[in-house]
Amino acid sequence: VLISLYIIYLILNSKKFLELLGLSLILGGALGNGLDRIFYGYVVDFIDFHLNHYHWPAFNVADTSITLGAIAFVSSLIFEK
């Protein structure tokens with residue numbers, strides 16, 4: 001909850017588009033996973049890949065949002081001036 005509040009603070013004080021996009025995706029994903037944990041007691045995963053005896057980690061839209069948001073946020077720190 002505290003980190004979500006800090007991300008909201010960063011969003012309100014940011015002027016860079018890519019940074020805003022990244023932080024918004026991270027916040028949305030975190031809130032989605034948090035609500036799943038509150039209402040279901042676990043995070044609902046919807047994509048689970050198996051191929052023969054290989055298994056990739058399951059993920060959901062919230063996880064994807066967090067990952068894409070982190071990429072956008074780090075990209076904004078590197079490329080936007």
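Biologist: Which residues in helix 2 meet which residues in helix 3?

Modeller: Happy to! Please keep in mind that this is a predicted model. On the side of helix 2, the residues that take part are Leu18, Glu19, Gly22, Leu23, Leu25, Ile26, Gly29, Ala30, Gly32 and Asn33. They meet Ala62, Asp63, Ser65, Ile66, Leu68, Gly69, Ala70, Ala72, Phe73, Ser75, Ser76 and Leu77 in helix 3.

Now for the geometry. Two packed helices are described by the angle between their axes and the distance between the axes. Here, helix 2 spans residues 17-40 and helix 3 spans residues 61-79; their axes come within 7 Å and cross at roughly 155 degrees. Angles over 145 degrees count as roughly antiparallel, and helix 2 and helix 3 are therefore roughly antiparallel to each other. The crossing in which helix 2 passes helix 3 is left-handed.

Tyrosine 40 pairs with tyrosine 42 in a tilted arrangement, with 6.3 Å from centre to centre and 45 degrees between the planes. Tyrosine 42 has 49% relative accessibility, so this residue counts as partly exposed.

Definitions and conventions
Residues numbered from 1 in each chain as written. Predicted model: local features only at pLDDT ≥ 70, side-chain atom pairs only at ≥ 80, totals over all residues. Heavy atoms only, no water. Axes fitted to C-alpha atoms, helices over the stretch in contact; angles between N-to-C directions. Helix = DSSP H or I, 4+ residues; strand = E, 2+ residues; numbered from the N terminus. Parallel < 35°, antiparallel > 145°, perpendicular 65-115°, else oblique. Left-handed = near helix turned anticlockwise from the far one by under 90°. Contact = heavy atoms within 4.5 Å. Phe/Tyr/Trp six-rings, centres within 6.5 Å; stacked < 30°, edge-to-face > 60°. Buried < 20%, exposed > 50% of the residue type's maximum accessible area, 1.4 Å probe, protein only.
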